[in-house]
Amino acid sequence: STVREGLEYLVTNYGDLLHTMPKRPCGEDDHKLPVVYVYDAYHNSHDDWAKLLCPGGEFTVRGTPFDVVAIATLLEEGETTLVEGGCFDGFYTYFATDGFTFGSSSRNWPKLSVWAREKNLHFSPSVGPGYNDTRIRPWNNAATRARRDGGYYEQMFRRAAASGADLVSITSFNEWGEGTQIEP
């Protein structure tokens with residue numbers, strides 16, 4: 001119910017400023033809705049998300065003025081149940097560290113893209129210019145990915161484009177503490 005209240009506020013106050021797109025990648029519905037990326041969606045069960053995102057759910061936004069294209073974080077392979085059972089419209093991989101999670105591993109993106117198409121979902125692999133969060137997580141050196149003067153970013157973007165995904169997200173800007181900001 002609190003997420004619904006948050007969506008109502010967001011759409012009411014900022015709906016004109018939000019990026020919009022069709023609910024499903026095949027474009028079966030020409031009506032465009034605001035796009036909302038849901039970070040760490042796995043903290044709630046698919047049953048809880050179903051109450052908000054499935055038609056007929058207790059707190060559903062579907063078919064209301066507050067309907068959105070909801071894109072869930074997908075970190076691990078088993079979270080496909082969360083995406084599908086929670087009635088999300090798609091998923092994104094978030095981490096800018098290739099190989100850090102199942103979802104952030106570019107070798108898995110073609111497989112995820114095929115699954116998304118089969119389920120008529122949006123797939124948005126996330127790319128970034130590198131990753132280094134050792135200033136805030138000194139123990140996390142294994143997740144560091146060197147920028148290679150833009151080479152890492154270019155490689156990740158090429159892999160995302162080659163995966164067949166219909167969207168690409170860029171993990172950057174406010175993740176400066178993780179070393180993913182884009183600079184000249």
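Aspartate 67 counts as buried in this predicted model, at 9% relative accessibility. Its salt-bridge partner is arginine 62, and the closest N and O atoms of the two residues lie 2.7 Å apart. Arginine 62 is likewise placed in the buried class, because its relative accessible area of 11% falls under the limit of 20%. A second salt bridge connects arginine 62 with aspartate 89, where the closest N and O atoms are 3.0 Å apart. This pair links distant parts of the chain, since aspartate 89 belongs to the loop between α3 and β4, whereas arginine 62 belongs to the loop between α2 and β3 (69–73), 27 residues apart. Aspartate 89 is buried as well, with a relative accessibility of 0%. Through shared partners, the salt bridges join Arg62, Asp67 and Asp89 into one network. In general terms, side chains of opposite charge can pair when their charged atoms come close.

Across the whole structure, the search finds nine salt bridges. One of them is formed by arginine 4 and glutamate 8, with 2.6 Å between the closest N and O atoms. Both of these residues lie in helix α1 (residues 2–14), where they are four residues apart, about one turn of the helix. The two partners fall into separate classes of accessibility: arginine 4 is buried, with a relative accessible area of 18%, while glutamate 8 is partly exposed, with a relative accessible area of 25%.

Helix α4 was examined next. In this helix, which covers residues 109–118, the buried residues are Trp109, Leu112, Ser113, Trp115 and Ala116. When α4 is seen down its axis, these buried residues fall within an arc of 165 degrees, and they therefore line one face of the helix. Arg117 and Glu118, on the other side of α4, are exposed. The buried residues of α4 pack against several elements, namely the helices α3 (80–85) and α5 (151–162) together with the strands β4 (90–92), β5 (122–124) and β6 (126–127). Just after α4, the backbone at asparagine 120 takes a positive phi of about 60 degrees.

Glycine 99 is found in the loop between β4 and α4. It counts as partly exposed, with a relative accessibility of 38%. When its neighbours within four places in sequence are left aside, glycine 99 is in contact with Ser104, Ser105 and Arg145. Glycine 99 and alanine 143 are 44 residues apart in sequence, and their C-alpha atoms are 8.5 Å apart in space.

As regards confidence, the protein has an average pLDDT of 89, and 92% of the residues score at least 70. Confidence is highest in helix α2 (residues 46–53), at a mean of 97, and lowest in strand β1 (residues 20–22), at a mean of 72.

Technical notes:
Residues numbered from 1 in each chain as written. Predicted model: local features only at pLDDT ≥ 70, side-chain atom pairs only at ≥ 80, totals over all residues. Heavy atoms only, no water. Buried < 20%, exposed > 50% of the residue type's maximum accessible area, 1.4 Å probe, protein only. Helix = DSSP H or I, 4+ residues; strand = E, 2+ residues; numbered from the N terminus. Arc of directions from axis to C-beta. Contact = heavy atoms within 4.5 Å. pLDDT = per-residue confidence, 0-100. Salt bridge = Lys/Arg side-chain N within 4 Å of Asp/Glu carboxyl O.
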